[in-house]
Structure formats: structure tokens, C-alpha cells
Amino acid sequence: MTAVLVVGGGGREHAMCRSLARSARVERILVAPGNAGTGQEERCENVAVGAGDVAGLVSLARRESVDLVAVGPEAPLAAGLADALEAVGIPTFGPGAAGARLEASKAYCKTFLDTLSIPTGASATFCEATAALDYLDQLPAVPVIKASGLAGGKGVVVAETRGEAAAAIRAMLVEGRYGEAGREVVVEERLRGVEVSVLAFCDGADFAVMPAAQDHKRLLDGDAGPNTGGMGAFVPSPVATGELLAGVGDRFIRPTIEALGEAGTPYRGVIYFGLMLTAAGPKVLEINCRLGDPETQAVLPLLEGDLFEIMLACATGSLGGLPVEWSPAACATVVMASAGYPTAPARPVPITGLDRAAAEGCVVFHAGTDRMGGVTRATGGRVLAVTALGSTLEKATERAYAGVAAISFEGAHYRTDIGRPSSAAATGAAPSPMAVGG
């Protein structure tokens, strides 16, 4: 009996479970801790072990004799979960702590990129507010302020004024917002253009690039409001041509994987480049060490191959030669969040309309949900990712929003412009692919 352990409890992990369950080889999927949606998926079983409990996860994987562990979130990877599993001989889809450091420390990532001459915005790193504020005063334009550590996608302040930037610096370095994650701050040049997410499966030497996605990180329509973990995504990106993606693979992904391999820390899992397509060519905004959320909910439904086979090949260094094929269709996912997200918690409330959304042709991936007394409830944060396929992006988007309209819970919030022409994230001219490398 082939068994897989999926680590995490969000929409990304629900999408992973649904794709893994399509594999003819997978007979059992354990999800730690999972959510209301994963608990109802075919062959899936939620297990009450937290995603941050490294020792508990290793013990679970050994006790249940799992054949593969697929790690969703970044925090357990940064804490060395993959290293601990590999030490006891369990194949793991996800990099060791050395590779995960590219996400766990934005300061380290900037140094890494500069060492390899991979294009990125100019920046400086500070642990003391006075020095950071002095640097801010010297800059010709208002920068972006980033907590260097892991902050769940919320530790980035895209300031519009110097006053906002200064307030963000003080909040992180003086007031302790984001705790340990904000003890070190990156003050970074604000790049302009179209943002694209390029993810690739990696086995330590070879890689396979996925269809590029466009994520919507700001809370409100028109890319206004605070940054979030992501309010929606769509595939394919109209600005990410095949030529551009080939250039990103050669100029960004390959040097990164080679450098990590040469350092004795082969990168296995998914590597995620958040890119800004500027007038001077693509530049790196961030590197993530795992499947994105909500990009995964828009990308994996298009995978025509066997996700288990691909993940196992990445974990065992045998991806080269394995076909990784994708549907030419479009996919859109719209996140429904709770009241107060991303700053304030919300009390659990019932969710209705999930069956009606399915009748509209949607797949609803759960994130902040739980089953209480036989009722599915929203438990806070990003609650659902309503996803739909279509022959065109317009058709996929309209179907996804029909699903959103069918669902209701108290305080539900969502953007109305995901993948639509009015969205700032979906517009803008793409740079010439020949500009790759800047």
C-alpha cells in the first residue's frame, strides 16, 4: 500500500491532496493537520499533528511507513523537517533547511542573488531602526519594507510615502511587529511592472518549469490595501511567453540550483521565483522554497501527469526524463477570506453553498475551515479558494466567480477583479523576452 504524508492545513495542501489522489499508485494520504476539505477527499485522512511539530511528523511518517512526505508550508522546511526525514530514509518533497533559507531569510536571499549576479532590486539590511531611517532619508524614491524572516506573506509593506515606510521600519524594529521575523529588515527598491510567479519542480540537478501564474497579493480591488498571503491567482499569464520562461529557467533557476548543489545542499522540491517584469527585464522580488498559495490552486488542476510520480522523482533525484505535461486550458482561483483578514482574527461561522459552487463547475479548496458538529465552518484567515477551469481565462474566471456567488459565510471578503482586465495585476505591457538578465 503506497502511502503519502502531506504536511500542512491550507488551500495549497488541499490542492496537493486532490491531485495526489488521482494517482493510480497512491492508496492512502495522511494530512497533518489538514482541514475540513482534506478530511472529505478520497483516500485522505486528517491526523492531529501540527505542521510545525518536526519530531511528531517524523514519528508519524515512520509509524505509518509512508513512502513519501510532501511538505506544503515553508516554516517546517526552514526548521529542518526534510533533513530530519531524509536522516531516517524517508523520501521528502521539499528542500532541506539550507535551501529553505532562501525564503526564511530575505537578507540572505538578497546576498545569494547578488553573488550569482541574478537581477533583483537594490537593497540594504538593518537590525537597528536609526540606521534604517537614515538610509531611508538618502533614497531617491520610496522603498518597500520587508521583514527578513517568515511572516506568512504579510511582512511586506509596499509604502506609498516616506512616512509610511518609516512607520513600517519602526513597527518592525522598535515595536516588534512580526516578532522574530521582523528583527532584521530589508529596505528594498520598489520595482515597477507586472508581477509573475514562476515555479519549477526540482530534483537537485534537473528541473521542470510550471505554467506561469499571476498572484494578487493586495487585499483590495485594483491592488490596493495591505499585502496578504494572496487573494487569488490565474494561469496562464498573458505576459509570460515561452521564450521568457526559457530565459528565466536558464538565467534564474539553473544557476540557483547549481549553486546549492555545489555547496553540498541539493535542492529537491519546488522552487518559486516571484518576478517583476520591469522595462529592463525580469527581476527577482522573492524566492520561495515551496508551492505557492494560492498559485498551487490554479496550477495543479492543469497538471496532466501523475503528481505522486513527479514528487517522488524530485525527492529521489530522478526527475530528468520524466514527462511533466500540462493542459492548455486556463484556471482561475478566487480566495474568500474572513472578516478582518489579514490583521484581525475572526470567530468560527458556518459556511453554506459549497454544493451549489460545485454545481457551477468549481472545485473549492479549503484553507481556514473545520468541521464542528457536522457543520463546515470558517475558522479565520483565508477560508476558501474557489477554483474553475475554462477554455479561456475569461471563461475560467466567470465560472470561479459564479462559485463564489453561491457560497456564503458571515464576514466573507474577496476581490472582484481576479484575472479580469480591470485588475492592475493582469495589465501592463510585458518586457521583451530578450531583456532577461537585465
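1. A quick definition to start: a residue is called buried under 20% relative accessible area, exposed over 50%, and partly exposed in between, using a 1.4 Å probe and protein chains only. Please keep in mind that this is a predicted model, where local features need pLDDT of at least 70, side-chain atom pairs count only at pLDDT 80 or more, and totals for chains, interfaces and linings use all residues. Residues are numbered from 1 along each chain as its sequence is written, and side-chain values use heavy atoms, leaving out hydrogens and water.

2. Now to one residue, Ser105. Ser105 sits in the loop that links helix 5 (97-104) with helix 6 (106-115); helices here are DSSP runs of H or I with at least four residues, strands are runs of E with at least two, and both are numbered from the N terminus. Is Ser105 buried or exposed? Ser105 counts as buried because its relative accessible area is 13%.

3. Which residues does Ser105 touch? Leaving aside residues up to four places away in sequence, Ser105 touches Ser148 and Glu184, where contact means heavy atoms within 4.5 Å.

4. Stepping back to the whole protein chain, you will find 13 helices and 23 strands. Of its 438 residues, 57% are buried. Among contacts with a separation of 6 or more, 68% join residues 24 or more positions apart.

5. Finally, the overall dimensions. The C-alpha trace spans about 60 × 50 × 45 Å along its principal axes.
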